[in-house]
Amino acid sequence: MTGPRTTPTVVPTMLYEDAPAAIDWLCAAFGFESHLVVAGEPGTIAHAQLTYGNGMIMLGSASNEYGSLIKPPALLGGVGSHSVFVIVPDADEHHDRALAAGAKTISQPRDQDYGGRGYGCTDPEGHLWYFGTYDPWAAT
């Protein structure tokens, strides 16, 4: 494959204890947009898709069918098994927005040796996120 794709072929998926609240928070704090939300049992989400640019994440409630296979960090002593990287136009502005919404900064915005500027944070349920201007698809 050459050149950037316009349709993502890898979509990170995660579970939240309070998925309805997570959807609201991820949209307000990180700038995601709700693409599809399928309610489950009362107060739960069976499946949701949130977009950012041409990227997407999927999420659901920890009580769904995959809850026995993966867990939110809060149910694992605060440790996650992955992080998500999102390309943003301005890492400092994005950091300020996320911090104001309650994200916990793991690393302050800084320039990277490999290019771009970025920062790391966790959401209210402890999922690790990294946001930066580095675009691995850009011509080097």
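**Group meeting: a walk through the model**

Okay, let's start with a charged pair: Arg 117 forms a salt bridge with Asp 111, and their closest N and O atoms are 3.2 Å apart. By salt bridge I mean a side-chain nitrogen of Lys or Arg within 4 Å of a carboxyl oxygen of Asp or Glu.

A quick word on the source: this is a predicted model, where local features need pLDDT of at least 70, side-chain atom pairs count only at pLDDT 80 or more, and totals for chains, interfaces and linings use all residues. Residues are numbered from 1 along each chain as its sequence is written, and side-chain values use heavy atoms, with hydrogens and water left out.

Back to Arg 117. How many salt bridges does the structure hold? Two. In the other one, Arg 117 pairs with Asp 92, with the closest N and O atoms 2.7 Å apart. That pair links distant parts of the chain, 25 residues apart: Arg 117 sits in strand β7 and Asp 92 in helix α2, residues 91-100. Helices (H or I, at least four residues) and strands (E, at least two) are DSSP runs, numbered from the N terminus. So Asp 92, Asp 111 and Arg 117 are linked in a network of salt bridges.

Are these residues buried or exposed? Buried means under 20% relative accessible area, exposed over 50%, and partly exposed in between, using a 1.4 Å probe and protein chains only. Asp 111 is exposed at 58%, while Arg 117 is partly exposed at 26% and Asp 92 is partly exposed at 31%.

Now, the inside. The largest nonpolar core has 25 residues, and those with the most contacts inside it are Leu 26, Phe 30, Phe 32, Leu 59 and Trp 129. A nonpolar core here is a set of buried Ala, Val, Leu, Ile, Met, Phe, Trp, Tyr and Cys residues joined through side-chain atoms within 4.5 Å. Which element gives the largest share of this core? That's α1, with eight residues.

Take Trp 129: leaving aside neighbours within four places in sequence, its contacts (heavy atoms within 4.5 Å) include Leu 26, Phe 30, Phe 32 and Cys 121.

And Cys 121 is buried, at 1% relative accessible area. What about disulfides, meaning pairs of cysteine sulfur atoms within 2.5 Å? A search of the whole structure finds zero. The sulfur of Cys 27 has its closest cysteine sulfur in Cys 121, and at 15 Å that is too far for a bond.

Definitions and conventions:
A disulfide is a pair of cysteine sulfur atoms within 2.5 Å.
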